[in-house]
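Here is a short report on selected sites and charge pairs. Please keep the sequence and the 3D view open while reading.

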Amino acid sequence: MRKFEKEFTEQNLFNIKKLFYDKLAMDEPPTLTRSDTSFYPPVLYPSAPSAHTKKSMNKRKRYRKAIYIPVTAALSLCLVTGAAASVGIIDLSAVLHFLGADRIGILQPVHQVSEDQGIRMEVIGAIRDGDTTEIYVSLSDLTGHRIDDTLDVYDYRVTGGNANNAQIIHYDDANQTAIVRFLIQGKVSKNRITVQINTLMSGASRQDGYNVQVDWEQLLQEKQNNNYDIVDQDRISGLGGTTDIQLDTDPIPVLHQDVTNIPVEGIDWMHISNIGFVNGKLHIQINPDNEIGEYNHGYFYFTDEQGLKLDIPQYSISYGHYMKDGVGYGGDYEEFVYDLSAVDDLDKLRLQGSFTSISEVIQGNWKTTFNLSQNALSKTGNIQLDVNGGLQANVTLSSVGVTLTSEALSKIRLKDLHIEVHLKDGTELSGASGFLQLDQDLIKWISPTTIPVNDVSYLLLNGEKVTLQDN
């Protein structure tokens with residue numbers, strides 16, 4: 001009999017049992033499938049719980065119920081064991097070792113692979129918990145060094161849900177492999193999930209403090225000259241920041257295009273194509289290069305004479321269109337709008353920029369489809385997020401984390417949110433980070449450890465108690 005070098009783990013046993021029971025259930029395809037081929041946000045999963053959490057966890061005793069398997073079934077299980085070893089069933093505890101054992105325990109192994117352009121994409125494991133789908137994918141370069149810790153999954157699709165996020169949460173420098181977590185929020189109607197990636201980017205470098213030389217004296221003299229255009233709704237491809245503009249009804253003023261050509265020292269993929277005041281607000285229009293400029297990004301900000309960054313309300317709008325290889329694209333112009341009405345000495349402002357430049361853009365077609373059953377265990381509640389009662393939010397707790405939904409969540413700053421999950425035995429899970437703005441009306445907090453939903457007593461969000469009910 002062949003001797004295997006790798007240590008036999010509990011995860012192996014889990015996979016083997018799953019194959020066995022899937023083999024008995026012939027009425028539907030198995031959830032575990034195999035293929036014939038195959039800094040920005042912080043890492044959210046610490047390798048070990050805090051001392052307080054560990055102490056509380058040790059108070060719980062777990063009892064294992066004996067499972068009796070008939071002799072014939074045991075023989076079948078032995079056969080499945082050999083088959084599982086021969087096809088290389090993925091060991092989640094080895095690949096996702098940076099996650100906690102509790103998180104790995106709720107994931108369903110997937111092991112689906114797609115290769116293109118010398119890049120290997122493997123869906124490792126996933127979970128559907130309530131209305132949240134969490135998928136872990138590894139990406140590695142088989143031919144070069146294009147995958148690094150700056151990897152950005154730029155263009156991707158995951159079936160189901162109405163909001164999504166993809167972020168690198170771990171990078172293995174020795175194997176040049178990045179682990180990306182896809183987070184999909186919203187109801188999924190079918191158990192079949194498809195993950196598709198079209199564009200990857202790497203080699204990103206971000207730098208603040210780019211100085212922008214503008215003639216403030218001339219700008220202030222021309223402040224009352226309101227020469228602008230109203231951009232058509234069908235030319236707008238993006239709107240972000242703090243603004244009360246309603247795209248469907250409000251006119252959107254923008255500067256005339258390509259009036260100036262002001263370079264930003266150190267940035268060669270774009271220039272300031274116009275700058276001036278419209279209705280009392282400063283507009284800065286840039287015209288990025290259509291090739292690499294469509295991937296690079298950044299923004300402008302203001303400092304005082306001492307170099308202190310000022311908090312000035314602003315929003316941005318992307319508009320325009322261009323043709324590339326016979327295909328029309330939108331958003332070749334971007335305009336940043338700043339409300340300087342609260343600034344007393346405009347002539348003392350200093351304009352600077354913060355920009356991220358990409359060195360590698362990889363386009364291809366990486367696509368896999370797999371079965372993923374749902375664990376719908378969750379609890380719900382509601383909370384008043386401001387003292388005036390004007391912002392009510394619905395709260396949903398699952399083993400993955402907490403979801404907030406409301407019509408005005410875009411006005412909430414993620415860094416101002418703090419959450420505590422209180423369990424019935426006195427254990428407390430907390431986090432001031434891990435919040436993601438998945439949509440204008442949807443914020444998700446990813447727990448650093450898997451939440452035992454049935455053991456949760458209540459939540460504290462910014463000090464406000466949230467009473468929970470079974471969903």
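Setting aside neighbours within four places in sequence, S378 is in contact (heavy atoms within 4.5 Å) with T396, L397, V453, D470 and N471. This is a predicted model, in which local features need pLDDT of at least 70, side-chain atom pairs count only at pLDDT 80 or more, and totals for chains, interfaces and linings use all residues. Residues are numbered from 1 along each chain as its sequence is written, and side-chain values use heavy atoms, without hydrogens and water.

S378 sits in the loop between β20 (374-375) and β21 (379-384). Strands here are DSSP runs of E with at least two residues, helices are runs of H or I with at least four, and both are numbered from the N terminus. S378 counts as buried because its relative accessibility is 7%. Buried means under 20% relative accessible area, exposed means over 50%, and partly exposed lies in between (1.4 Å probe, protein chains only).

L92 belongs to helix α4, which covers residues 92-95. L92 has 0% relative accessibility, so L92 is buried. Along the chain, L92 and H111 are 19 residues apart. Their C-alpha atoms are separated by 9.7 Å.

**Salt bridges**

Side chains of opposite charge can pair when their charged atoms come close. The rule used here asks for a side-chain nitrogen of Lys or Arg within 4 Å of a carboxyl oxygen of Asp or Glu. How many salt bridges does this rule give? The count comes to seven. The table lists some of them, including the pair R157 and D155.

| Pair | N to O distance |
|---|---|
| E115 and R120 | 3.8 Å |
| R157 and D155 | 2.7 Å |
| K348 and D345 | 3.9 Å |

Now take the accessibility of these partners. K348 is partly exposed, with a relative accessible area of 38%. D345, its partner in the salt bridge, is partly exposed at 40% relative accessibility. Salt bridges with shared partners join E115, R120 and E122 into one network. E115 counts as partly exposed because its relative accessibility is 47%. R120 has 22% relative accessibility, so R120 is partly exposed too. In the pair with R157, D155 is partly exposed at 21% relative accessibility.
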